Amino acid sequence: MTEWVDEARARQGLYRFIGAALLPPERGRLELLVAASAILQEYDFDKSPYSIAWRNFVVVLESDVSPEDLAIEYVRLFGVGFSGTPAMPTESNYRAPNRDGAVAAFTASLQAEFRSMGLVSVGGGEAPDHISTELEVMSYLCGVEAESWESGQETLAMDTIGIESRFVRQHLAVWIPMFTSLVLAARPAPFYERASELVHGLVIHENDYLAGIVDRSSEL
Amino acid sequence: MNTAVFVCGDSPELVISAPGVVAIEGLCRDPSLLRACETHPERAVVVLHSDSYDLSTLQKALRSISIDPLGVQVLDVGSDGDPSALSRQVEGLIQRARAFSGSAPEHAKPVFSNAVTRRGFLRPPTPASISAPQIDHSTCAAGDGCRACVDACPQDAYKWSAGRISYNKDACAPCGRCVTSCPTAAIENPATTFAMIDAQVRAVIAASDEPIGVRFVCSRGSVGATSGWTEISVPCTSMIPASWLLACRLLGASCVKAVPCGDAGCPIDGDSLVTEASDIARAVLEQTGFEAAMIAGDSLSESIERSGTNLFETANAADLMLSLAAATGTEFSVESKVSQLGIVSIDDTTCTLCGQCAKICPTNALRESYEDGVVSISFDAKACVNCNQCMAECPEIERGAISVQGLIDTRRLADGRIGLNEGTVSSCEICGNAIAPTQMMNRIGDLLGEEFKDTVRMLETRCLDCRGRG
C-alpha cells in the first residue's frame with residue numbers, strides 16, 4: 001500500500017500548497033511555498049493532467065516574485081473595490097441564493113459539514129467557504145486517508161476517499177471553475193494566472209479521478 | 001509551431017528521415033523513454049510499431065516534457081507498413097497536431113482499466129485520458145430551446161433544463177455526434193476539431209503524387225498505413241456527415257470511405273448512420289457527374305482550396321454543395337432523413353404565426369419579422385441544418401403547421417431567403433399598439449369557443465396594458 005500512502009501524502013501537500021498560495025501574500029509565506037514546492041517536486045505528478053500546470057506554477061514561483069507586487073495584485077483581484085470584485089474567492093458568492101441571510105445559512109451548513117469530518121472552526125482565519133479553507137479541508141482529508149493506509153485500515157482509507165470525492169463534487173468542482181474563469185478574465189499577474197490554472201486542473205481531475213476510484217471500489 | 005515526430009527505433013526500415021523526427025529505440029516497449037528526450041516541442045506525433053504499449057505511461061511521459069497528450073497524434077503502423085504511405089500519414093498527423101489549439105482540464109476524461117481485481121487495488125490506478133467534448137455556453141442556443149445535442153447523443157450524456165444544456169462526462173464515450181450535429185458549433189472536442197480534420201486531409205492529399213483515397217476510421221479500431229489509402233482517425237465514424245466525404249473528394253481525394261469499427265460491443269452503434277451518410281454522398285456525386293468531370297481533367301477543388309474555407313465545418317455544408325454544383329455545372333437534389341441540410345415548409349392554413357419556430361431556430365434559418373402591421377416568417381435554406389428543433393417547438397405541430405424535409409437541393413439553396421407565411425397583426429382599439437398575429441388570436445378564439453366569446457373579443461381588441469380600461 002506504499003503507493004497509496006505516497007499518493008495521498010502528495011495530494012495532501014499539493015492541496016495545502018495551492019491553498020496557501022491563494023492566501024494574502026506575505027514574504028515568509030512565499031519563502032515557505034518555494035521550500036514546499038521543492039519537496040513536492042519529488043513526487044511524480046505526471047500521471048495527472050494538471051502536471052503541466054503544476055510545473056508552470058513552480059516556474060513562476062521560483063522566478064523571484066515580489067510580495068509587494070503580489071499584494072497589490074491580490075487586492076485588485078480578490079478585494080472589494082469601487083467596481084466590485086473581479087473574482088470573489090468564496091464559495092457562497094457563487095452558490096448562495098441572492099437574498100438576505102443566504103450567505104450565513106450557506107456558511108453554517110458548510111461548517112456543519114466540516115464538523116461531520118471532525119473539524120471545528122476556531123475563528124481568526126479566512127471564512128469557512130474561502131478557497132484556501134476548502135483546499136485545506138481537502139488536505140486534511142488526504143492526511144486522514146494517508147494515515148489510514150499507513151495503519152493498514154484500508155476500508156477507512158476507501159471511506160475517506162469517498163468523503164473526499166463527495167466534497168470535491170459538491171463544492172470545489174462546482175464553484176472553482178467559475179472562480180478561476182473570472183480570475184483569468186481579469187488578466188492576472190503570472191503568479192495568479194498559473195495558480196488559477198493549477199487549482200482548476202486539480203479540482204476537475206480530482207472530481208473525475210476520485211469518482212472513478214469510488215466506482216471501482218464498489219464493484220469489488 | 002515546433003512539432004516533433006517520435007518514432008520507435010526498433011524497426012529501422014520504418015524510421016522516416018525528416019526534420020523533427022526523433023528515433024527512440026524501445027519506445028513501443030517503454031514509452032517512458034520519452035522522458036529523457038532533450039527536445040521540447042509544443043506538439044508531437046508518436047509513431048509506434050506495436051499496439052501493446054501502455055497509453056497512460058505514454059501520456060505520463062508526454063506530460064513530463066510539457067506536451068498536452070490530448071493533442072498528440074499516435075500512429076500504430078504495425079511492423080509491415082508501406083514506407084511511402086507512412087510518410088504521407090505522418091505528414092497528415094503533423095499538420096493535425098499543429099492545428100490542435102489546446103485543451104482545458106474539463107476535456108480530459110480519465111479511463112480506468114476495465115479489470116477490477118483486489119490485486120489492482122494494491123496501488124492507485126493510473127487512468128489514461130481521452131478527449132471529451134465541452135460546451136461553450138456563450139454560443140450554445142439552448143437558451144432559445146435548442147436540444148440538437150440531446151437528440152444526437154446515443155448515450156444520454158446531454159440534458160436540457162431551463163434553457164441550459166448539462167453534460168455528463170461519465171456517461172459520454174466520446175463519439176463526436178454532438179460536435180457535428182451542433183447547429184452553432186458550440187460543442188468542441190479538442191482532439192477532433194474541424195480545423196484539425198481539414199489540416200490533416202489537405203496535408204495527406206498534398207503529400208501524395210499519386211491518386212490517394214481517404215479512409216475515416218474509428219479511433220477504437222486499428223489504424224494502418226496502406227498503399228493507396230490514408231487513414232483519418234475520428235472518435236466514431238458515425239459522427240461523419242456526408243459533407244465530410246464530399247469535402248475530401250473536392251479537395252482531391254480519389255475516393256473516400258468511412259469505415260465503422262465493426263465492434264459488436266460498441267456502445268455507440270452508429271453503423272446505419274455511416275451507411276446513410278455514404279449513400280447521400282454517393283447520390284450527390286452521381287447526380288453531379290463528378291467522376292466524369294474529374295476524368296475530364298477539371299480542377300474541381302481549385303477555387304475552394306484557394307479560398308481556404310474549412311469544408312468540414314457544419315456551417316459550410318451548404319456552401320460546399322453550391323460549390324460542387326457550380327464546379328460540375330449541375331443542379332442536384334438528394335433527400336435523406338439524416339441530411340445535414342433541410343427545407344422547412346409551413347402550412348399557412350394551420351400556422352398561427354406565433355413565431356416559436358423562429359425563436360428556437362439555432363441558425364436563424366427561420367426568422368420572424370414585423371413591419372407595418374404585418375408579421376412574417378421567412379426561411380433561408382442555406383442556414384438550415386435539419387435539426388428539427390422548430391418542429392419540436394411548434395404548438396400546432398399536430399395540425400401539421402410546420403415540417404422539415406431532410407433535403408439537399410441546390411436550387412433551393414440558391415434561392416436565398418424566402419417568405420413562408422405572413423399575416424396581419426391585431427391592434428389595440430384604445431392605444432393602437434400591436435397585440436398579436438390575427439391568425440393566432442383567431443386560433444385562440446376557436447379553442448375557447450362560443451362560451452368565451454366576450455373574453456375572446458377583449459383579447460382581440462385590447463392590449464395587455466389597456467385591458468383594465470373602460
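Contact, in these legends, means that heavy atoms lie within 4.5 Å, and the structure shown in every view is a predicted model.

**View 1. A:His205 and the residues that it touches.** The residue A:His205 has its place in helix 9 of chain A, which covers residues 190–219. Leaving aside residues up to four places away in sequence, A:His205 touches A:Ser48, A:Pro49 and A:Tyr50. Is A:His205 buried or exposed? Because its relative accessibility is 8%, A:His205 counts as buried, the cut-off for this word being under 20% relative accessible area. As for confidence in chain A, its mean pLDDT is 93, and 99% of its residues reach 70 or more. Among the elements of this chain, helix 5 (residues 92–95) has the lowest mean pLDDT, at 92, whereas helix 7 (residues 131–150) has the highest, at 97.

**View 2. A:Asp64 in a loop of chain A.** The loop that holds A:Asp64 runs between helix 3 (51–61) and helix 4 (67–78) of chain A. Although A:Asp64 is not a glycine, its phi is positive, at about 60°. With a relative accessible area of 71%, A:Asp64 is exposed.

**View 3. B:Leu353 in a loop of chain B.** Here the loop lies between strand 15 (342–346) and helix 11 (356–360) of chain B, and B:Leu353 has its place in it. B:Leu353 is not a glycine either, yet it has a positive phi of about 60°. The relative accessible area of B:Leu353 is 0%, and therefore this residue is buried.

**View 4. B:Ala148 and its surroundings.** In chain B, helix 3 (residues 148–152) is the place of B:Ala148. This residue counts as buried because its relative accessibility is 7%. Which residues does B:Ala148 touch, not counting residues up to four places away in sequence? They are B:Ser181, B:Pro183, B:Cys387 and B:Gln389. A further pair to look for is B:Ala148 and B:Cys182, which are 34 residues apart in sequence but 6.1 Å apart in space, C-alpha to C-alpha.

**View 5. The largest nonpolar core, and a second one.** In soluble globular proteins, nonpolar side chains tend to be buried together. The largest nonpolar core of this model has 79 residues, and those with the most contacts inside it are B:Tyr158, B:Phe216, B:Trp244, B:Phe312, B:Val344, B:Leu366 and B:Phe379. Helix 6 of chain B (residues 242–250) gives the largest share of this core, namely seven residues.

View 6. The secondary structure of chain B comes to 15 helices and 20 strands, and its C-alpha atoms fill a box of roughly 90 × 65 × 40 Å along the principal axes. Of its 470 residues, 51% count as buried. When contacts in chain B between residues at least 6 apart in sequence are considered, 69% of them join residues at least 24 apart. The chain exposes about 20900 Å², of which carbon and sulfur atoms supply 47%. Chain B has 38 positive and 57 negative side chains, and the centres of these two sets lie 6 Å apart.

Terms used:
Residues numbered from 1 in each chain as written. Chains lettered and ligands numbered in written order. Predicted model: local features only at pLDDT ≥ 70, side-chain atom pairs only at ≥ 80, totals over all residues. Heavy atoms only, no water. pLDDT = per-residue confidence, 0-100. Helix = DSSP H or I, 4+ residues; strand = E, 2+ residues; numbered from the N terminus. Buried < 20%, exposed > 50% of the residue type's maximum accessible area, 1.4 Å probe, protein only. Areas by Shrake-Rupley, 256 points an atom, 1.4 Å probe, with all protein chains shown as cover. Lys, Arg positive; Asp, Glu negative; His and termini not counted. Charge placed at Lys NZ, Arg CZ, Asp CG, Glu CD. Core = buried A, V, L, I, M, F, W, Y, C linked by side-chain atoms within 4.5 Å.
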